[in-house]
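Hi,

Here is the structure I said I would pass on.

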Amino acid sequence: MAAVRVRQHVNPLGKKYQTPASPQDWEKIYAKPNQPLHLDIGCAKGQFLVNMSKIEPNWNFLGLEIREPLVVEANKLRSELGFTNLHYLFCNVNNSLRSLLSCLPLGSLQRVTIQFPDPWFKTRHAKRRVVQPELVAELASYLAVGGVVFLQSDMEFVAVEMRDRFAAHPAYQKVGTEEWLSQNPLPVPTEREIGTQKKGEPVYRALFERVRSCE
């Protein structure tokens, strides 16, 4: 993929990012729109999904990214590779999930990944972090029962916040009894994960399953 210069940090609360993404015609996007869908929130350059879509051709993959130049380049690569089970969209996920997911085939969303999101270190910037309670609840509305959400970060405070927000929602059940997963349950690591582990630094991982609500 060609090098694309983009800002590392994009403020999702900025005026430019307040227009929700438009609903999509998934039958025009995917060759087989009824396949199970893996949603990657904050997909960056999209290489993780390229690798996943090769390994799992019987799944569809959707990457959401707020930095538009990365999405343009990722879709260009997807077209060059000829993949028909992979697509990328530019959007602010915190105001676009409903419009995007409500038009999916019922029950198709079966896996969600949120990996190494922008930590926004300052407390006053906490509202800019991607995993807000509203996002957790919205995903619960569309994720199929038995579907999973995989979270990981190299920043412990971010991982704790993400984990605790999913754990607090009755639609999810944490998988495993240990505080953090020792291994990535997916067959493909992200570039950030590889780099972090090469430096000998920890990665904090948690997996949640969508369960039937007791309500």
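This is a predicted model: local features need pLDDT of at least 70, side-chain atom pairs count only at pLDDT 80 or more; totals for chains, interfaces and linings use all residues.

Start just after α3, where Gly-82 takes a positive phi of about 75 degrees (helices are DSSP runs of H or I, at least four residues, and strands are runs of E, at least two, numbered from the N terminus). Residues are numbered from 1 along each chain as its sequence is written, and side-chain values use heavy atoms, with hydrogens and water left out.

Back to α3 itself (residues 68–81). Its 14 residues should span 20 Å at 1.5 Å a residue, and the end C-alpha atoms are 20 Å apart, which agrees (the expected span is 1.5 Å times one less than the number of residues). Its buried residues are Leu-70, Val-71, Glu-73, Ala-74, Asn-75, Leu-77 and Arg-78. Buried means under 20% relative accessible area, exposed over 50%, and partly exposed in between, with a 1.4 Å probe and protein chains only. Their cover includes α2 (47–55), β2 and β3 (86–90), where contact means heavy atoms within 4.5 Å.

Next, the inside. The largest nonpolar core has 38 residues, and Leu-39, Ile-114, Leu-139, Phe-166 and Tyr-172 have the most contacts inside it. (A nonpolar core is a set of buried Ala, Val, Leu, Ile, Met, Phe, Trp, Tyr and Cys residues joined through side-chain atoms within 4.5 Å.) Helix α5 gives the most to this core, five residues. Another core lies apart from it, with 17 residues, among them Met-52, Leu-77, Leu-86 and Leu-207.

An unreviewed UniProt entry annotates Lys-122 and Asp-154 as "binding site"; positions are in the numbering used here, feature names are shortened, and annotations may be inferred rather than shown by experiment. Asp-154 sits in the loop between β5 (148–153) and α6 (156–167) and is buried, at 17% relative accessible area. Its side chain makes a polar contact with that of Arg-192 (2.9 Å). (That is a pair of N or O atoms within 3.5 Å; within protein, one must be able to donate a hydrogen and the other to accept it, and residues adjacent in sequence count only if both atoms are side-chain atoms.)

Finally, cysteines: the whole structure has zero disulfides (pairs of cysteine sulfur atoms within 2.5 Å). For Cys-91, the nearest cysteine sulfur, that of Cys-43, is 8.9 Å away.

Cheers
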